[in-house]
Amino acid sequence: MELDEDRCIKMNDGNKIPAVGFGTYSPDEVQKSKCKEATKVAIEVGFRHIDGAFIYGVEEEVGQAIREKIADGTVKREDIFYTGKLASNFHRPELVRSCLEQSLKKLQFEYLDLFIIHMPTSLKPGPDLLPMDENGKVIFDIVDLRQTWEAMEACKDAGLVKSIGVSNFNIRQLEMILNKAGLKYKPVLNQVECHPYLNQSKLLAFCKSNGILLEAFHTLGSQRGKMWIDLSTPVLLDDPVLGAIAKKYNRSPALIALRYQLQRGIVVLFKSFTRERIEENFQVFDFQLSAEDMKIIDGMNKNITYLKLTPLEDHPQFPFRDE
């Protein structure tokens with residue numbers, strides 16, 4: 001994988017994606033305005049890849065942040081690479097475009113650079129993003145994701161989105177799309193949890209062999225939000241192995257964890273609400289890890305997932321039962 005002078009990677013459809021992206025997921029307790037300010041800071045620092053999602057509930061604020069940085073001359077719209085995600089309530093093929101159009105309206109954009117299926121687990125359509133029955137159990141829907149993918153392809157053909165991909169798909173689910181009769185466009189990437197404790201080496205090898213990029217979230221472990229995070233898991237950035245390598249390069253453990261992914265050919269997402277951290281983590285391009293240190297970090301893998309999706313575990317399309 002080669003980075004060009006713009007620090008971008010070419011995807012299998014010919015479009016380019018910046019190798020490092022800024023995440024906009026905001027836990028409920030964090031005010032939405034904080035997300036807007038953090039996005040503006042990220043653009044000022046040099047981030048051009050902004051990762052969003054319908055279910056994050058902050059697309060209006062993120063769109064406003066981007067538009068303000070366009071208005072003050074910092075960037076043009078074509079400089080920004082924005083990712084949106086198809087929510088699980090919109091998997092039925094006739095609903096896919098509606099989800100995309102709602103995101104476009106909130107962002108006040110004419111197109112998305114990348115639109116990906118957020119989760120393979122389809123949920124009951126309707127206004128509730130996490131629909132529950134009277135017993136507090138999530139209400140599933142069963143949708144053939146190959147039909148969902150055809151609707152994604154139609155959105156690309158309509159010019160509403162430049163590239164299409166998936167998120168949280170396992171190898172079997174990727175194969176289902178790749179082997180689909182009449183496939184028009186391959187997914188350009190698969191966005192998954194990936195960090196030194198969960199290095200996804202098997203999935204990475206599969207994606208590389210099929211010309212699909214792997215994009216990593218929770219690259220620094222996680223920000224320990226209670227709802228979707230297993231709080232019993234060890235804190236990645238406190239790991240002494242990472243700490244020792246960080247000391248050797250005179251960098252933070254966070255920068256080492258980010259650089260590790262970049263050198264594996266993985267697109268890296270990172271998020272923070274503080275200017276200092278945002279500035280620091282953009283320095284990921286300023287140094288290189290040795291092959292020996294890359295191997296040491298490979299050895300940290302423990303197959304630990306921070307993302308906790310207990311309410312979805314009984315879903316027939318739940319992706320994390322496969323190895």
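## Helix α4

Helices here are DSSP runs of H or I with at least four residues, and they are numbered from the N terminus. The model is predicted, and one of its helices, α4, covers residues 145–157. At 1.5 Å a residue, the 13 residues of α4 should span 18 Å, and this agrees with the end C-alpha atoms, which are 18 Å apart. At the start of the helix, a side-chain oxygen of D144 comes to within 2.9 Å of the backbone nitrogen of R146, while after the helix comes G159, which has a positive phi near 80 degrees.

The buried residues of α4 are L145, T148, W149, A151, M152, E153, C155 and K156. Among the elements that cover them are the strands β5 (81–86), β6 (112–117) and β7 (161–167), together with the helices α3 (93–107) and α5 (171–178). In an α-helix, residues three or four places apart point the same way, because there are 3.6 residues a turn.

In soluble globular proteins, nonpolar side chains tend to be buried together. The largest nonpolar core of this model has 91 residues, of which I17, L112, I256 and L289 touch the most other members. Helix α8 (residues 253–263) gives this core its largest share, seven residues.

Leaving aside residues up to four places away in sequence, I17 touches R7, C8, I9, M11, H49, F81, L114, L189, L213, E215 and V267. Another core lies apart from the largest one and has nine residues, including M119, F217, L269 and L312.

## Where α7 meets α8

Helix α7 (residues 240–249) and helix α8 have axes that come within 8 Å and cross at roughly 95 degrees. Angles of 65 to 115 degrees count as roughly perpendicular, and α7 and α8 are therefore described in that way. The residues that meet are L242, I245, A246 and Y249 in α7, and P253, I256 and A257 in α8.

## Two residues with positive phi

Most residues other than glycine have a negative phi. In the loop between α7 and α8 lies N250, which is not a glycine and yet has a positive phi of about 55 degrees. With a relative accessible area of 70%, N250 is exposed, because exposed means over 50%.

R7 is also not a glycine, and its phi is positive, about 60 degrees. R7 is found in the segment before strand β1 (8–10), and with a relative accessible area of 34% it is partly exposed.

Conventions
Residues are numbered from 1 along each chain as its sequence is written. Side-chain values use heavy atoms; hydrogens and water are left out. A nonpolar core is a set of buried Ala, Val, Leu, Ile, Met, Phe, Trp, Tyr and Cys residues joined through side-chain atoms within 4.5 Å. Buried means under 20% relative accessible area, exposed over 50%, partly exposed in between (1.4 Å probe, protein chains only). Contact means heavy atoms within 4.5 Å. The expected span of a helix is 1.5 Å times one less than its number of residues. A polar contact is a pair of N or O atoms within 3.5 Å; within protein, one must be able to donate a hydrogen and the other to accept it, and residues adjacent in sequence count only if both atoms are side-chain atoms. Axes are lines fitted to C-alpha atoms, for helices over the stretch in contact, and angles run from 0 to 180 degrees between N-to-C directions. Angles under 35 degrees count as roughly parallel, over 145 as roughly antiparallel, 65 to 115 as roughly perpendicular and the rest as oblique.
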